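Below are my notes on the model you sent.

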Amino acid sequence: KKTLKQTLSEKIEEHRPRTKRLLKEYGDVVVDNVTVSQVIGGMRGLKSLVTDISYLDPEEGIRYRGYTLGEVIENLPKPKGGTMPYVEGLFYLLLTGDFPNQEEVMQVVDEFSKRRIVPRYVYEVIDSFPCCSHPMAIFSTAILTLNRESVFNRQYHAGLNKKDYWEATYEDALNLLAKLPEIASYIYNKLYRQGPRIQSNPNLDMGGNFAHMMGIDKPYDDVSRLHFIIHSDHESGNVSAHTGHLVASSLSDIYLSISAMINGLAGPLHGLANQEVLRWLQDVMDKMGNKLPTEDEMKQFVWDTLNSGQVIPGFGHAVLRKTDPRYMLQREFSLKNLPDDPIFKYADLLYNVVPPILKEHGKAKNPWPNVDAQSGVIQWHYGVTEYDFYTVLFGIGRAIGICANIIWDRALGYPLERPKSITTDMLEKIAGIK
Ligand code: AMX
């Protein structure tokens, strides 16, 4: 019986000649051109990164290893009685491109369980944070603190062969991913519950154990599995994925890289949008005295926000040009499990009201909802009403995809990232102004 690491090792050996050949024989083939607006405008749309783990089609949305989210959820093994798959199975799929069978997934569940114990000093660092610290700052720091555990660092300094970088990185990645639910639930308890902490259960899978440590009954285990799976990867150019890859490209270890990507995720235009959606909805609800606004009243709230120069959180996307399939999956889950939830009704009203307004407003290239317009609604329903925490949940999921990417970055020997900058003077010359 092959382990995930052995299977991955074979896939890496198979893949290496493809990258080598492209570089050696086709290195000068032009992939894309760069315009002035891309240079100034955040490199939007510029094809300049490579990953085989996921691909984001503007119309269709994300595919992991070529599979839609629906196919991923349908084909990954599920725990007994669960409607959502093992998150560990998703990690297997992202790394290898293959759906694991039950036995293969249980091996990974077991690996995670063995590596889940968090050193005491991490809890001490979390405990020493001053009050009112944002949970993302605490989460990022807790991950950073673990840097002293890095197998990669130890082996690198002892003299590690380049072709073996990925193995040490794989060990670091599993060691970190296994600990994230423990760290996150500890932060949640410290900030919002302050009661005795629920110890983890080594017999549960990642999603099940997280729900258990959060002290929330079924189906929150399935909610967690769904959440971590759909947030795991969104190709390589988004801020969190790109940051993780960039930092890792200097051979910074997994802990440094994932801590950095968490910091990028913590911005309101990216992962923090799920918090902002609930904050915005709360504001509307406060103004309405908890009564559901009419469509006209909701339209007015949306216009007021736009007219005051703010964005409507949870809508728009840099790549997507249709409703995000991650939004749709969560909407379907909500329609099935929480159709009468008042916040879901608010969110669903926005689903009808916002896109035509954003079209009329005429700025956003994509008027449709993204993943963040729904995720907080589900969390709120199951009792996680502290919306500052929502991006931490996003971060656990995103770490899975980025760890998979960094392992492959190492396996294929991707070099230090180092694009070239120019001055405004130079741009003006290129544009023919000067
Ligand atoms: N509300 C109001 N205005 C919006 C908007 C929204 N939801 N989305 C885009 N716009 C505006 C932009 O601010 C920009 O205005 P400007 O010309 O005055 O600078 C203009 O429309 C053009 O922007 P764009 O090309 O459509 O988007 P982008 O690629 O620059 O940015 C994003 C994408 C997601 C940052 C943007 O749509 C946004 O701010 N959305 C709200 C925040 C959000 O939901 N973020 C989460 C995205 C998903 C994720 O990463 N988790």
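1. The ligand is surrounded by 22 residues. Ala 273, Gly 316, Ala 318, Lys 363 and Ala 364 are the closest of these. Bear in mind that the model is a predicted one.

2. Sorted by class, the shell around the ligand holds 10 nonpolar residues, eight polar residues and four charged residues.

3. Ala 273, listed among the closest residues to the ligand, also belongs to helix H14, which covers residues 273–288. The axis of H14 comes within 8 Å of that of helix H18 (residues 372–381), and the two axes cross at roughly 70°. Angles of 65 to 115 degrees count as roughly perpendicular, and H14 and H18 are therefore roughly perpendicular to each other. Their crossing is right-handed.

4. On the H14 side, the contact with H18 is made by Ala 273, Asn 274, Gln 275, Val 277 and Leu 278. H18 contributes Asp 372, Ala 373, Ser 375, Gly 376 and Trp 380. The residues of this contact divide into five nonpolar, four polar and one charged.

5. From H9, the contact involves Thr 169, Asp 172, Ala 173 and Leu 176; from H13, it involves Ile 254, Tyr 255 and Ile 258. By class, the residues of the contact of H9 with H13 are five nonpolar, one polar and one charged.

6. Turning to the strands, E1 (residues 54–57) and E2 (residues 61–64) pair in the antiparallel sense over four bridges. The two form a hairpin with three residues between them. Asp 57 stands opposite Gly 61 of E2.

7. E2 is also joined to strand E3 (residues 67–68), through two bridges, and this pair runs antiparallel as well. Arg 63 has Thr 68 of E3 as its bridge partner. Which residue takes a positive phi in the hairpin of E2 and E3? Arg 65 does, with a phi near 50°, in a hairpin that has two residues between the strands.

8. In short, E2 pairs with E1 over four bridges and is joined to E3 by two.

Technical notes
Residues are numbered from 1 along each chain as its sequence is written. This is a predicted model: local features need pLDDT of at least 70, side-chain atom pairs count only at pLDDT 80 or more; totals for chains, interfaces and linings use all residues. Two residues are in contact if their C-beta atoms, placed from the backbone, lie within 7 Å. Ala, Val, Leu, Ile, Met, Phe, Trp, Tyr, Cys and Pro count as nonpolar, Asp, Glu, Lys and Arg as charged, and the others, Gly among them, as polar. A residue is near a molecule or strand if its C-beta atom, placed from the backbone, lies within 6 Å of it. Axes are lines fitted to C-alpha atoms, for helices over the stretch in contact, and angles run from 0 to 180 degrees between N-to-C directions. Angles under 35 degrees count as roughly parallel, over 145 as roughly antiparallel, 65 to 115 as roughly perpendicular and the rest as oblique. A crossing is left-handed if the near helix is turned anticlockwise from the far one by less than a right angle, and right-handed if clockwise. Two strands pair if DSSP finds at least two bridges between them.
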